[in-house]
Amino acid sequence: MDDSTLQTPPTQSALRTLTPPSSSSSSQLNLSAEAASKHIDRLLNSSYHTGPSRTIYSDRFIPSRSGSNFALFDLVSPKASSTAEGREDTSSAYATLLRAALFGPETSGGVAFPATPDKRSTPSRNIFRYKSETRRSMHSLLPFGFDEAVQGVNHSPVKAPRKVPRSPYKVLDAPALQDDFYLNLVDWSSHNVLAVGLGNCVYLWNACSSKVTKLCDLGIDDSVCSVGWAQRGTHLAVGTSTGKVQIWDASRCKRVRTMEGHRLRVGALAWSSSLLSSGGRDKTIFQRDIRAQDDFVSKLSGHKSEVCGLKWSYDNRELASGGNDNRLFVWNQHSTQPVLKYCEHTAAVKAIAWSPHLHGLLASGGGTADRCIRFWNTTTNSHLSCMDTGSQVCNLVWSKNVNELVSTHGYSQNQIIVWRYPTMSKLATLTGHTYRVLYLAISPDGQTIVTGAGDETLRFWNVFPSPKSQNTDSEIGASFLGRTTIR
């Protein structure tokens, strides 16, 4: 296509029509040109001018500020001031308010918040601020309010439950281990030595070397009813069926002394520094100071039946005792009568454990007719909670590494349960014993427990984590050591 076929652009043609010929009336042409120019201006500026009867909208969204209350913030409307200086003032005021709302009033550069139109003398303190009474925690962002939270819903991050091995890592044969609920024949020392009463003898098993030592033989006319290690050192107390309490130095396998006082068997022992408490079938508790020449320094009376459970608190200020009279008593260091009495259990109270995590928190378990674990606050003398376990509660021990405890049971499940406190949710249920799990002790590192039963076995379980890591295995239970005999 050559140049001769090109059409003249419309704008040039329009401009030609507006060019006045020299022979026309100048006044008439000037009016026509002025009208055409105004028409073109209206077309070009149609987005910015509105007619009296309707609003003309453009293809871009331009918000209307005609309804904005700029006086509320002492800002000047864009229509009231179109100068560059006015726009800069408005932008500066807005930036100041936005900065104060996002980062607090102290970052606003000392500019006071503007007042509302009707209260200009008293600036409002709620503009771009949260009221202190309306501030909500992060729980309020949940689908349901924190105060109206669904019962049983835990708002903390979900944590995977810790895995507890379901099988014992070691089993020891313990011939002649008696099936008697009222005896306490197993204890674990701070030096990692296990003491076990078998018939009329006491045997020591070293958990580090697996060496077995025979500590003593009481003869055919006597038998072992309880064993208890001193909190520190190598002294072991042995309660006998004839009512005597013997003190042995395990490092030398030598008896230090024999103390009398009880008329019947001694089934419970508990140490508090150099003070030894012994509970007997004669319903009494004797306080013995092994440094004194006398067999006992005081006698505690209150139980109506055999004393089968004794535990000193971790601060050595309170002694808890349980008896076959279904009673749980708490004594102090100087009392000869119980300072606290709990009578809610409906069966013998042998299982007793003080919490190492909370001062004054005491757990107790009842026998076959009770089956409950109860928690007490001895500081406020209050009953905290009760958990029905469904089986006879034989023993309780608290982990010193985590806020958990383990219970052993007799009729009819013969099981071991690891609980998380205070929810009392089950972390693990361990089975293996074929008789009542009457005996329980915990290792000095707080990770391993040993259980004993009338099936004449001792079983070792890794149930608690280490203080540093929940995945670190105990040095004692690092491997399966097989099944041996304690004799």
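Predicted model: local features only at pLDDT ≥ 70, side-chain atom pairs only at ≥ 80, totals over all residues.
**View A. Edge-to-face pair of phenylalanine 329 and tryptophan 331.** The structure holds 10 aromatic pairs. One of them joins phenylalanine 329 and tryptophan 331 in an edge-to-face arrangement, with 6.1 Å centre to centre and 75° between the planes. Phenylalanine 329 and tryptophan 331 are both buried. The face of phenylalanine 329 also has lysine 341 over it, at 5.8 Å from the ring centre.

**View B. Edge-to-face pair of tryptophan 398 and tyrosine 421.** The ring centres of tryptophan 398 and tyrosine 421 are 5.5 Å apart, and the angle between the planes is 70°. Tryptophan 398 belongs to strand S22 (residues 393-398), whereas tyrosine 421 lies in the loop between strand S24 (416-420) and strand S25 (425-430); the pair therefore ties together parts that are 23 residues apart in sequence. Both tryptophan 398 and tyrosine 421 are buried.

**View C. Aromatic cluster of four residues.** A single aromatic cluster is formed by Tyr169, Trp188, Trp205 and Phe460.

**View D. Lysine 350 over the ring of phenylalanine 181.** The charged end of lysine 350 is positioned over this ring, at 5.5 Å from the centre of phenylalanine 181.

**View E. Nonpolar surface patch that includes leucine 98.** Leucine 98 is part of helix H3 (residues 84-103). Its relative accessibility is 38%, so leucine 98 counts as partly exposed, a class that spans the range between the buried limit of under 20% and the exposed limit of over 50%.

Methods
Residues numbered from 1 in each chain as written. Heavy atoms only, no water. Phe/Tyr/Trp six-rings, centres within 6.5 Å; stacked < 30°, edge-to-face > 60°. Buried < 20%, exposed > 50% of the residue type's maximum accessible area, 1.4 Å probe, protein only. Helix = DSSP H or I, 4+ residues; strand = E, 2+ residues; numbered from the N terminus. Lys NZ or Arg CZ within 6 Å of the ring centre and 35° of its normal. Patch = residues over 30% accessible without salt bridge, like charges linked within 9 Å, V, L, I, M, F, W, Y side chains within 5 Å. Areas by Shrake-Rupley, 256 points an atom, 1.4 Å probe, with all protein chains shown as cover. Salt bridge = Lys/Arg side-chain N within 4 Å of Asp/Glu carboxyl O.
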